[in-house]
Every structure is written in C-alpha cells, then in structure tokens.
Amino acid sequence: MNDLLSPADEKAALRKEVLARRAAMPVTDRIERGLMLVDHAGALPLPPGAIVSGFWPIRDEIDARPLLDRLRQLGHRLCLPVMVGPSLIFRHLDRDTELVPAGFGCMEPGPAAEELRPDVLLMPLAGFDGQGNRIGYGRAFYDNAIAALEKNGPLLRIGLAFALQEVDRVPVEAHDKPLDGILTEDGYRAFG
C-alpha cells in the first residue's frame, strides 16, 4: 500500500478490495465453505461450557449459524450481539429465542432474551493477516465491545472468515486488538 496513506485510509482501501473479492464468490461456494466451519469446531480452543457469541450473517459474510448449532450440541451457551445505542450487548440464543429484525437482513434476540457476558467472541470481519490483525467494517463496534468486555475478565477473540479474506499485512492502530485465532473453511489457526 501507499506509504503516504494513514493506517485508517490504508485499512479502508484494503477493506474495499477484500470485500469485493468476497462479494465475487458464487453463492454456492459461500454456503459450502460456511458449512465447512462445522468440520473444525473441535479445533477451537473453547473452555468447557463457554458462553460463545456468534453473529447473524449479513450480505455475503460467512454463515456462522451451522457452527453455532454444533457448539450448542457440544455444551456451549450461545448469544448474539445486539445494538443498543452506539454499543453492542449480547443476548442469549437458543432454539426457543424470539428473533427480531435488526436491519441489513440481520436478526437478533429480542428484549426478553437474557443478557450475557460472552467468554468467546466469534467475529465477522472484512480482512485479516497472518499475525492476527483484523480489518473490521470501520465502525468500531467490536473494538468498543472488546474493550468493555475485557474489563470484566479474559475474552477469547476468534475471527470467522473465508480464507480468501487474508491479506499480507493489516495496518495496526492504537485501539486495535489482535485476534487470538481465525477460523476459515481451511481450519483453525491460532495467533500469538
């Protein structure tokens, strides 16, 4: 990338490039590769009975829902992020949870669902590099949520993405927290 660009501008250019690659994937490839995450569920370094936050896919993101169902079968409690004002909170998700529309085609647990503090964040992202640095969507929702959650104990940060979302290098800014690992259709890779 251009040395004259700020890290934020460099991330924006990388985000645009990687999201275009992801959007160009045929729908059937996205579905098949998303289903392949389930094959690697046992490789995730999750503590027994962990509270795991997943996400409802929007646009052409990898679909975490089959993986979440497998993690539920393995004894983990699940939750999904919910926007409350400028912040994310996390509400319990099970087969009986009432889901409500949340914009962008996303669904989230309704207000009756219990608020939980996840032990593990399975996060969507635009791009990542081999050192565990990630490019989000530029709104800092997960950065802010990570900072708030880490005040109350350890938090495992795992990105979920397609392998083609990897880039050579993600510029790092002061507020950025690296991933502990990444799960793609190729398997789980730990960082650090």
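These questions and answers look at how terms apply to one predicted model.

User: What should I know about the model before reading values?

Analyst: It is a predicted model, where local features need pLDDT of at least 70, side-chain atom pairs count only at pLDDT 80 or more, and totals for chains, interfaces and linings use all residues. Residues are numbered from 1 along each chain as its sequence is written, and side-chain values use heavy atoms, with hydrogens and water left out.

User: How many helices and strands does the chain have, and what makes a run count as one?

Analyst: The chain has four helices and eleven strands. These are DSSP runs, numbered from the N terminus: helices are H or I with at least four residues, strands are E with at least two.

User: How do you know whether the radius of gyration agrees with a compact globule?

Analyst: The rule for a globule is 2.2 Å times the number of residues to the power 0.38, and the radius is taken over C-alpha atoms. For 192 residues that gives a value near 16 Å; the chain has 16 Å, so the two agree. The C-alpha trace spans about 50 × 35 × 35 Å along its principal axes.

User: Why is Ser53 called buried?

Analyst: Buried means under 20% relative accessible area (exposed is over 50%, partly exposed in between; 1.4 Å probe, protein chains only). Ser53 has 0%, so Ser53 is buried. Ser53 lies in strand β1 (residues 51–53). Leaving aside neighbours within four places in sequence, its contacts (heavy atoms within 4.5 Å) include Cys79, Phe90 and Leu122. Across the chain, buried residues make up 46% of the 192 residues.

User: What makes strand β9 largely enclosed?

Analyst: Five of the five residues of β9 (residues 156–160) are buried, so the rest of the structure largely encloses this strand. In a regular strand the side chains alternate between the two faces of the sheet. Both faces of β9 are covered: Leu156, Ile158 and Leu160 are buried on one side, Arg157 and Gly159 on the other.

User: How do you know which strands pair with β9?

Analyst: Two strands pair if DSSP finds at least two bridges between them. Four bridges join β6 (residues 120–123) to β9, so these strands pair, and they run parallel. Met123 has Gly159 as its bridge partner in β9. Three bridges join β9 to β10, also parallel. There, Ile158 has Gly181 as its partner in β10.

User: How do β10 and β11 run, and what joins them?

Analyst: Four bridges join β10 (residues 181–184) to β11 (residues 187–190), and the strands run antiparallel. A hairpin joins β10 to β11 through two residues. Leu183 stands opposite Tyr188 in β11.
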